[in-house]
Amino acid sequence: MSLAAEAFVTQIAAAEPWPGNAALYQPLKEEQILLSDNAACLAVQAFLQMCSLPVQLVHRANAEYMSPSGKVPFIHVGNQVVSELGPIVQFVKAKGHSLSDGLDEVQKAEMKAYMELVNNKLLTAELYLQWCDDATVQEITHPRYGSPYPWPLNHILAYQKQWEVRRKMKAIGWGCKSFDQVLEDVDQCCQALSQRLGTQLYFFNKKPTELDALVFGHLFTILTTQLISDELSEKVKSYSNLISFCRRIEQHYFEGRAKDATFRLSLIS
Amino acid sequence: MAAPMELYCWASGWGLPTVDPDCLTVLTYARFTGAPLKVHKITNPWRSPSGTLPALRTKDEGILSDTHQIITHLRKQKFNADYDLSARQGADTLAFVSLLQKKLLPVLIHTFWGDAKNYVEHTRKWYAEAIPFPLNFFLPSRMQKQQLERLQVVCGENYLDSEEELEKELYREACECLTLLSQRLGRQKFFFGDSPASLDAFVFSHLAPLLKAKLPNGKLQHHLKSLQNLCNYCTAILSLYFPWDEGDPPPVVPKAAAGDGSESEEEPYKRRNQILSVLVGLAAMVGYAFLSGIISVQRQAPSQLRPRAITLEEEEEEEEE
């Protein structure tokens, strides 16, 4: 989201309270959504739940094209549309809801750093798996990504997206990585998160922050999504405190809300 | 160790031991750990064994050219700057390195390669003077193209649509990142207490170029200079770990405000270029003479034949005219 628009939004946002009809748009859950998008959507949902802001979930096949930044999810609140976790956090903050106000400056710096770590390693690994691992691309990514579109378009759009992601991977030096190296990175990241979490309830002790929402979104998605191989989720499963962390957030913020198949962490263990 | 590892990196300039942030990371890490490296500071990337800089020639793993790979390799060789850190500090290192890569690196690229004024007056100037003769005409612009591509892909596709807005956004994030680092550092000497770790190598190598380079357009520089503890931190590392690199700059280094100072600096290159151009001219003339047959060499050794050869030449010359 651009700076000017952001400043504008922030200004207006402060004036109005959170409306009852706020909506969160995301791709179709059953047949379309991909691993990385699901993680991002879940992170935003968890964040809004933690702020106890009510939001209605709307599934749209073209959510990606409706979003102002081209990325899902986005929220529609009053007259404004805001996409992705970072801007949404700022937007919500402007409305007077913040999870990280209680932290001191050093903790805020650490929180930002860990959020970048998750984006840098977990998100990139998810993208790598779904767009660069040939078996996954053929069996899962292409059929799912193209599912809402008629015949020639589904292939064209999927290849276009694949080309775009691969170019990005090359630019950040992941283009020539093997899947094992990616798993290594994921393991490293999980280890760091696990170390940091230790025996605390949340990353910064008793109260959840946006970091907790982000980590939950990614780990929960990795743990509960059926892929052709379960190597990725196996890596996460070896850290027991991360699993109980996911379970804790699920119970606390999602219990009773969704009896969805995806919202069941009891599958693992 | 019998054969020390060899590190190839960019030459020193701008008051830094090496001008490239990636090379600086590796070099700083090596200094922190005291790894015995034979450092080749070169100005021609084509002379590096991998074609890119930095590059580390190792005995058992061949040539490494990725910063992280090099550091991992040094770590395996028992040169580990993070040995004393707790697991949680190790986790913090990983997190802050991600933060640097995401927030500060794009701006660093943009400041040195993307900003037109800085690129022309500062970055290209240095590289064009440092890189040896024929390569200096195209290598700097090729490097710029690579860097901008990297920036564009990292920032997303809408880079070209709204360059100005994106620039603002980038700088805002970088300022925020600098402030975060300053807060995290606080009054400590290094990020994790009194001894430097790998995180310090990363932070230092991303900050020092911004601090030391005399950029014509230094938006971010002003912000960095207002964070006193980060400035002191960089200066301390420079004077502690690179005492001689700063004091004894090679002739190309001082890039001061241009003008009379730089005139004398360019003198040796002028003379060399003059000699080169005279040689090239001579070679062209002789070559032409040979090809068009004005001069011909005859291999007949006996001395009595010589007068004939000369007369032949004269005849041909007349024909030409």
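The model is predicted. Chain A and chain B bury about 2400 Å² between them, and five salt bridges are found across their interface. Helix H8 of chain A, residues 179–197, packs its buried residues against helices of chain A and against helix H3 (87–114) of chain B.

**Interface of chains A and B**

- The size of an interface is often given as the accessible area lost when the parts come together.
- For chain A and chain B that area is about 2400 Å², with 59% of it on carbon and sulfur atoms.
- In terms of residues, 28 of chain A are in contact with 24 of chain B.
- Five salt bridges cross the interface of chain A and chain B.
- Lys112(A) and Glu176(B) form a salt bridge through their side chains, with an N to O distance of 2.9 Å.
- Eight residue pairs are in polar contact across the interface of chain A and chain B, both residues being at pLDDT 80 or more.
- On the side of chain A that touches chain B, the elements giving two or more residues are helix H1 (3–15), H5, helix H7 (151–171) and H8 of chain A.
- H5(A) supplies the largest share of that side of chain A, namely 12 residues.
- By residue class, the side of chain A that touches chain B holds 12 nonpolar, six polar and 10 charged residues.

**Helix H8 of chain A**

- H8(A) has 19 residues, and its first and last C-alpha atoms are 27 Å apart, close to the 27 Å expected at 1.5 Å a residue.
- The buried residues of H8(A) are Phe179(A), Val182(A), Leu183(A), Asp185(A), Val186(A), Cys189(A), Cys190(A), Ala192(A), Leu193(A), Ser194(A), Arg196(A) and Leu197(A).
- An α-helix has 3.6 residues a turn, so residues three or four places apart point the same way.
- Within chain A, the packing partners of the buried residues of H8(A) are helix H5 (105–132), helix H9 (210–224), helix H10 (231–237) and helix H11 (240–254).
- From chain B, helix H3 (87–114) also packs against the buried residues of H8(A).
- Gly198(A) follows H8(A) and has a positive phi, near 55°.

**Backbone features in loops of chain A**

- The peptide bond between Val72(A) and Pro73(A) is cis, with omega at about -5°.
- Pro73(A) sits in the loop between helix H3 (63–66) and strand S3 (74–77) of chain A.
- Glu84(A), a residue other than glycine, has a positive phi near 70°.
- The loop that holds Glu84(A) runs between strand S4 (80–83) and helix H4 (85–94) of chain A.
- Glu84(A) has a relative accessible area of 26% and is therefore partly exposed.
- Asn205(A) also has a positive phi without being glycine, with a value near 65°.
- The loop between H8 and H9 of chain A contains Asn205(A).
- Asn205(A) counts as partly exposed because its relative accessibility is 40%.

**Chain B overall**

- Chain B contains 12 helices and four strands.
- Of the 321 residues in chain B, 44% are buried.
- Among contacts in chain B with a separation of 6 or more, 69% are between residues 24 or more positions apart.

**Gln101(B)**

- Gln101(B) is placed in helix H3 of chain B.
- The relative accessible area of Gln101(B) is 31%, so this residue is partly exposed.
- Not counting residues up to four places away in sequence, Gln101(B) touches Asn120(A), His68(B) and Pro106(B).
- With His68(B) there is a polar contact between side chains, at 3.1 Å from Gln101(B).
- Phe202(B) is 101 residues from Gln101(B) along the chain, and their C-alpha atoms are 9.4 Å apart.

**Asn118(B)**

- Asn118(B) belongs to helix H4 of chain B, residues 116–130.
- Asn118(B) counts as buried because its relative accessibility is 0%, where the cut-off is under 20%.
- A polar atom of the Asn118(B) side chain lies 2.8 Å from the backbone nitrogen of Asn217(B).
- Apart from neighbours within four places in sequence, the contacts of Asn118(B) are Thr111(B), Thr123(B), Leu215(B), Pro216(B) and Asn217(B).

Notes:
Residues are numbered from 1 along each chain as its sequence is written. Chains are lettered from A and ligands numbered from 1 in the order in which they are written. Side-chain values use heavy atoms; hydrogens and water are left out. The expected span of a helix is 1.5 Å times one less than its number of residues. Buried means under 20% relative accessible area, exposed over 50%, partly exposed in between (1.4 Å probe, protein chains only). Contact means heavy atoms within 4.5 Å. Buried area is the accessible area (1.4 Å probe) that two parts lose on being put together, summed over both. A salt bridge is a side-chain nitrogen of Lys or Arg within 4 Å of a carboxyl oxygen of Asp or Glu. A polar contact is a pair of N or O atoms within 3.5 Å; within protein, one must be able to donate a hydrogen and the other to accept it, and residues adjacent in sequence count only if both atoms are side-chain atoms. Ala, Val, Leu, Ile, Met, Phe, Trp, Tyr, Cys and Pro count as nonpolar, Asp, Glu, Lys and Arg as charged, and the others, Gly among them, as polar.
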